[in-house]
Amino acid sequence: MSIENMFGDLHSIDIMAETKTKEVLLILVCNGFIDGTPETQTALLDKMEGYLKHIHSEKFKNEYPGWPVILRVTFTETPDQLILQLLYKCYAWTDDLGVSLEIEIDGKKAVSYTHLRAHETSLHL
């Protein structure tokens, strides 16, 4: 599967919504099986970086001053374990930028390292 089929346009935000509790929810949609190749990992990080740059733009800050931001990376299928390991390492990156990172796999949130490890383990059973 091509990078574009997995992640769509790397330079655009897939979904952005405002919650009733005044949070901004950014959703990065990953379609199909996301393999762990270096090219795929780089593309995912590039797309995430675009989201993070957007929330630090003057336009965004003026429109949503002080609003908490959630970046939800959602997968339609369980991704390769290398992708899960990569995303676990991204928690510190997003936290440093004041963004809550959420991982959603097949409609279920996996927000902790333990949960991500459970997905990795189930892949090996």
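Helices (H or I, at least four residues) and strands (E, at least two) are taken here as DSSP runs and are numbered from the N terminus. The model is predicted, so local features are reported only where pLDDT is at least 70 and side-chain atom pairs only at pLDDT 80 or more, while totals for chains, interfaces and linings use all residues. Residues are numbered from 1 along each chain as its sequence is written, and side-chain values use heavy atoms, with hydrogens and water left out.

Setting aside residues up to four places away in sequence, arginine 72 touches Leu25, Leu26, Ile27, Leu28, Glu102, Glu104 and Lys109, where contact means heavy atoms within 4.5 Å. With one of these neighbours, glutamate 102, the arginine side chain meets in a salt bridge (2.8 Å, N to O). Because glutamate 102 lies in strand E4 (residues 99-105) and arginine 72 in strand E3 (residues 69-75), the pair ties together parts that are 30 residues apart in sequence. Glutamate 102 is buried, as is arginine 72.

A salt bridge is defined as a side-chain nitrogen of Lys or Arg within 4 Å of a carboxyl oxygen of Asp or Glu, and the structure holds 2 of them. Side chains of opposite charge can pair when their charged atoms come close. Besides the pair already described, the side chains of lysine 47 and aspartate 14 meet in a salt bridge, at 2.9 Å from N to O. Lysine 47 belongs to helix H2 (residues 38-55) and aspartate 14 to the loop between helix H1 (3-7) and strand E1 (15-18), so this pair links parts that are 33 residues apart in sequence. Lysine 47 is buried, with a relative accessible area of 0%, whereas aspartate 14, at 30% relative accessibility, counts as partly exposed.

An α-helix has 3.6 residues a turn, so residues three or four places apart point the same way. Threonine 40 has a relative accessible area of 1% and is buried. Its side chain is joined to that of threonine 37 by a polar contact of 2.9 Å, a polar contact being a pair of N or O atoms within 3.5 Å in which, within protein, one must be able to donate a hydrogen and the other to accept it, and for which residues adjacent in sequence count only if both atoms are side-chain atoms. Not counting residues up to four places away in sequence, threonine 40 touches Ile3, Met6, Phe7, Ile34, Asp35 and Ile83.

Ile83, in turn, is one of the buried residues of helix H4, together with Leu84, Leu86, Leu87, Cys90, Tyr91 and Thr94. Helix H4 (residues 81-96) has 16 residues and reaches 24 Å from its first C-alpha to its last, close to the 22 Å expected. At cysteine 90 helix H4 bends by about 30°, the bend being the angle between axes fitted to the seven residues ending at a residue and the seven starting there. The N-terminal end of H4 is capped by aspartate 80, a side-chain oxygen of which lies 2.8 Å from the backbone nitrogen of leucine 82. After H4 comes glycine 98, whose phi is positive, near 75°.

Lysine 22, in the loop between E1 and strand E2 (24-30), has a positive phi of about 60°. Its C-alpha atom is separated by 7.4 Å from that of proline 68, 46 residues apart along the chain, and lysine 22 touches Trp67 and Pro68, again leaving out residues up to four places away in sequence. Aspartate 106, in the loop between E4 and strand E5 (108-109), has a positive phi of about 55° and, at 55% relative accessibility, counts as exposed.

Key:
Expected span 1.5 Å × (residues − 1). Buried < 20%, exposed > 50% of the residue type's maximum accessible area, 1.4 Å probe, protein only.
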